[in-house]
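Please look through the sequence and the model below before reading on. The points that follow are numbered so that each can be checked against the picture.

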Amino acid sequence: SISTFLPLLILKNGYSAVAGGLILTLFLMGSSLGGLIGGYLGDKLNHKRVLVVSLGISAIPAYLFLSSEAIDAVSLIALFLSGALVQAGQPSSIVWSQRLMPEFTGVASGMMMGMSFGLGSIGAAITAAIGDVIGLSASLLLSILPVALGCLLIVITPYEEK
(Lines give C-alpha, C1' and ligand atoms only; values in the text may rest on other atoms or scores of the structure.)
Protein backbone atom coordinates (compact mmCIF):
# COMPACT_ATOMS: atom_id res chain seq x y z
CA SER A 1 0.00 0.00 0.00
CA ILE A 2 2.83 2.40 0.76
CA SER A 3 4.49 1.94 -2.62
CA THR A 4 1.11 2.30 -4.35
CA PHE A 5 -0.09 5.40 -2.53
CA LEU A 6 3.13 7.16 -1.48
CA PRO A 7 3.26 9.51 -4.51
CA LEU A 8 -0.40 10.42 -3.98
CA LEU A 9 0.25 11.07 -0.27
CA ILE A 10 3.21 13.30 -1.15
CA LEU A 11 1.10 15.26 -3.66
CA LYS A 12 -1.73 15.57 -1.13
CA ASN A 13 0.72 17.09 1.36
CA GLY A 14 1.64 19.85 -1.09
CA TYR A 15 4.82 18.52 -2.61
CA SER A 16 5.50 18.15 -6.32
CA ALA A 17 5.14 15.02 -8.43
CA VAL A 18 8.93 15.00 -8.82
CA ALA A 19 9.32 14.96 -5.04
CA GLY A 20 6.80 12.10 -4.90
CA GLY A 21 8.81 10.12 -7.43
CA LEU A 22 12.08 10.75 -5.61
CA ILE A 23 10.60 9.76 -2.27
CA LEU A 24 9.10 6.59 -3.78
CA THR A 25 12.53 5.81 -5.24
CA LEU A 26 14.04 6.18 -1.77
CA PHE A 27 11.47 3.74 -0.34
CA LEU A 28 12.11 1.22 -3.13
CA MET A 29 15.90 1.52 -2.73
CA GLY A 30 15.44 0.71 0.95
CA SER A 31 13.29 -2.25 -0.05
CA SER A 32 15.96 -3.57 -2.42
CA LEU A 33 18.73 -3.20 0.13
CA GLY A 34 16.55 -4.81 2.79
CA GLY A 35 15.96 -7.83 0.56
CA LEU A 36 19.69 -8.28 0.01
CA ILE A 37 20.62 -7.90 3.66
CA GLY A 38 17.65 -9.93 4.87
CA GLY A 39 18.53 -12.78 2.52
CA TYR A 40 22.09 -12.82 3.79
CA LEU A 41 20.99 -12.72 7.43
CA GLY A 42 18.41 -15.46 6.87
CA ASP A 43 21.11 -17.75 5.50
CA LYS A 44 23.50 -16.96 8.34
CA LEU A 45 21.09 -16.82 11.27
CA ASN A 46 17.56 -18.17 11.03
CA HIS A 47 14.86 -17.45 8.44
CA LYS A 48 12.02 -17.34 10.94
CA ARG A 49 13.93 -15.00 13.23
CA VAL A 50 14.71 -12.63 10.34
CA LEU A 51 11.03 -12.56 9.36
CA VAL A 52 9.78 -11.92 12.89
CA VAL A 53 12.36 -9.29 13.78
CA SER A 54 12.26 -7.41 10.48
CA LEU A 55 8.46 -7.31 10.29
CA GLY A 56 8.11 -6.55 14.00
CA ILE A 57 10.51 -3.63 13.84
CA SER A 58 9.21 -2.33 10.49
CA ALA A 59 6.12 -0.92 12.17
CA ILE A 60 8.19 1.66 14.04
CA PRO A 61 9.74 3.53 11.08
CA ALA A 62 6.53 3.10 9.06
CA TYR A 63 4.56 4.74 11.86
CA LEU A 64 7.18 7.50 12.22
CA PHE A 65 7.01 8.35 8.53
CA LEU A 66 3.24 8.08 8.15
CA SER A 67 2.54 10.14 11.26
CA SER A 68 5.13 12.79 10.44
CA GLU A 69 3.69 16.20 9.62
CA ALA A 70 6.59 17.23 7.39
CA ILE A 71 9.02 15.52 5.11
CA ASP A 72 12.42 16.02 6.66
CA ALA A 73 15.61 14.01 7.08
CA VAL A 74 14.19 11.97 9.98
CA SER A 75 11.00 11.02 8.14
CA LEU A 76 12.96 10.11 4.99
CA ILE A 77 15.31 7.88 6.98
CA ALA A 78 12.26 6.29 8.61
CA LEU A 79 10.72 5.66 5.18
CA PHE A 80 13.94 4.09 3.87
CA LEU A 81 14.19 1.85 6.95
CA SER A 82 10.53 0.93 6.67
CA GLY A 83 11.05 -0.32 3.12
CA ALA A 84 14.23 -2.15 4.08
CA LEU A 85 12.69 -3.89 7.07
CA VAL A 86 9.47 -4.91 5.31
CA GLN A 87 11.37 -6.49 2.43
CA ALA A 88 14.14 -8.02 4.54
CA GLY A 89 11.93 -11.01 5.24
CA GLN A 90 10.94 -11.73 1.64
CA PRO A 91 13.94 -13.96 0.79
CA SER A 92 13.48 -15.86 4.06
CA SER A 93 9.82 -16.48 3.31
CA ILE A 94 10.76 -17.99 -0.04
CA VAL A 95 13.52 -20.18 1.40
CA TRP A 96 11.29 -21.30 4.26
CA SER A 97 8.55 -22.32 1.82
CA GLN A 98 11.12 -24.22 -0.25
CA ARG A 99 12.23 -26.08 2.86
CA LEU A 100 8.62 -27.05 3.53
CA MET A 101 8.25 -28.35 -0.05
CA PRO A 102 11.75 -29.59 -0.99
CA GLU A 103 10.52 -31.62 -3.95
CA PHE A 104 8.63 -28.62 -5.39
CA THR A 105 10.93 -25.63 -4.81
CA GLY A 106 9.73 -23.85 -7.96
CA VAL A 107 6.11 -24.17 -6.89
CA ALA A 108 7.01 -22.97 -3.39
CA SER A 109 8.83 -19.92 -4.77
CA GLY A 110 6.03 -19.10 -7.18
CA MET A 111 3.45 -19.52 -4.46
CA MET A 112 5.23 -17.13 -2.11
CA MET A 113 5.87 -14.51 -4.78
CA GLY A 114 2.33 -14.80 -6.14
CA MET A 115 0.84 -14.56 -2.68
CA SER A 116 3.00 -11.55 -1.89
CA PHE A 117 1.91 -9.64 -4.97
CA GLY A 118 -1.68 -10.89 -4.88
CA LEU A 119 -2.26 -10.14 -1.22
CA GLY A 120 -0.42 -6.84 -1.60
CA SER A 121 -2.81 -5.84 -4.38
CA ILE A 122 -5.81 -6.80 -2.27
CA GLY A 123 -4.33 -4.83 0.62
CA ALA A 124 -3.89 -1.79 -1.62
CA ALA A 125 -7.52 -2.01 -2.72
CA ILE A 126 -8.68 -2.26 0.90
CA THR A 127 -6.41 0.66 1.85
CA ALA A 128 -7.94 2.72 -0.97
CA ALA A 129 -11.50 1.89 0.08
CA ILE A 130 -10.78 2.75 3.71
CA GLY A 131 -8.90 5.86 2.58
CA ASP A 132 -12.01 7.10 0.80
CA VAL A 133 -13.81 7.01 4.13
CA ILE A 134 -11.22 8.09 6.71
CA GLY A 135 -8.49 9.69 4.59
CA LEU A 136 -5.36 8.37 2.93
CA SER A 137 -2.97 9.13 5.81
CA ALA A 138 -5.10 7.34 8.39
CA SER A 139 -5.72 4.44 6.02
CA LEU A 140 -1.99 3.99 5.42
CA LEU A 141 -1.41 4.02 9.16
CA LEU A 142 -3.96 1.21 9.47
CA SER A 143 -2.05 -0.77 6.86
CA ILE A 144 0.55 -1.43 9.57
CA LEU A 145 -1.93 -3.74 11.32
CA PRO A 146 -1.75 -6.60 8.77
CA VAL A 147 2.03 -6.56 9.14
CA ALA A 148 1.60 -7.10 12.88
CA LEU A 149 -0.87 -9.90 12.22
CA GLY A 150 1.55 -11.50 9.77
CA CYS A 151 4.29 -11.28 12.36
CA LEU A 152 2.06 -13.06 14.89
CA LEU A 153 1.28 -15.82 12.38
CA ILE A 154 4.98 -16.32 11.74
CA VAL A 155 5.66 -16.61 15.47
CA ILE A 156 3.11 -19.42 15.89
CA THR A 157 4.17 -21.30 12.72
CA PRO A 158 6.54 -24.23 13.43
CA TYR A 159 10.08 -23.90 12.10
CA GLU A 160 12.58 -26.73 11.97
CA GLU A 161 16.27 -25.90 12.14
CA LYS A 162 18.48 -27.59 9.57
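**Notes on the helices and selected residues**

1. Helix 2, residues 17–44, has 28 residues and reaches 41 Å from its first C-alpha to its last, close to the 40 Å expected at 1.5 Å a residue. Helices (H or I, at least four residues) and strands (E, at least two) are DSSP runs numbered from the N terminus. The expected span of a helix is 1.5 Å times one less than its number of residues.

2. This is a predicted model: local features need pLDDT of at least 70, side-chain atom pairs count only at pLDDT 80 or more, and totals for chains, interfaces and linings use all residues. Residues are numbered from 1 along each chain as its sequence is written, and side-chain values use heavy atoms, with hydrogens and water left out.

3. The protein chain contains 8 helices and 0 strands. Its pattern along the sequence is α-α-α-α-α-α-α-α. The radius of gyration of the protein chain is 16 Å, close to the 15 Å that the globule rule gives for 162 residues, so the chain is as compact as a globular protein of that length. That radius is taken over C-alpha atoms, and the globule rule is 2.2 Å times the number of residues to the power 0.38. Along its principal axes, the C-alpha trace of the protein chain spans about 50 × 30 × 25 Å.

4. Of the 162 residues in the protein chain, 35% are buried. Buried means under 20% relative accessible area, exposed over 50%, and partly exposed in between (1.4 Å probe, protein chains only). The accessible surface of the protein chain comes to about 9100 Å², and 73% of this belongs to carbon and sulfur atoms. Accessible areas come from the Shrake-Rupley method with a 1.4 Å probe; for residues, only the protein chains shown count as cover.

5. Among contacts in the protein chain with a separation of 6 or more, 71% are between residues 24 or more positions apart. Contact means heavy atoms within 4.5 Å.

6. Which residues of helix 2 are buried? They are Gly20, Ile23, Leu24, Phe27, Gly30, Ser31, Gly34, Gly35, Gly38, Gly39 and Gly42. These buried residues of helix 2 pack against helix 1 (2–12), helix 3 (47–67), helix 4 (73–88) and helix 5 (90–100).

7. Gly83 lies in helix 4. Gly83 is buried, with a relative accessible area of 0%. Gly83 and Ile144 are 61 residues apart in sequence, and their C-alpha atoms are 12 Å apart in space.

8. Helix 3 has 21 residues and reaches 30 Å from its first C-alpha to its last, close to the 30 Å expected at 1.5 Å a residue. Its buried residues include His47, Lys48, Pro61 and Phe65. The buried residues of helix 3 pack against helix 1, helix 2, helix 4, helix 5, helix 7 (136–142) and helix 8 (144–156).

9. Ser58 touches Ser82, Leu85, Val86 and Val147, not counting residues up to four places away in sequence.

10. The loop between helix 3 and helix 4 holds Ile71. At 23% relative accessibility, Ile71 counts as partly exposed. Leaving aside neighbours within four places in sequence, Ile71 is in contact with Ile10, Tyr15, Ile23 and Leu76. The C-alpha atoms of Ile71 and Ser31, 40 residues apart along the chain, are separated by 19 Å.

11. Leu81 has its place in helix 4 and counts as partly exposed at 40% relative accessibility. The C-alpha atoms of Leu81 and Arg99 are separated by 28 Å, with the two residues 18 apart along the chain.

12. In helix 5, Gln90, Ser92, Ser93, Ile94, Trp96 and Ser97 are buried. The buried residues of helix 5 pack against helix 2, helix 3, helix 4, helix 6 (105–134) and helix 8. For Ser97 the relative accessible area is 6%. Leaving aside neighbours within four places in sequence, Ser97 is in contact with Ala108, Ser109 and Met112.
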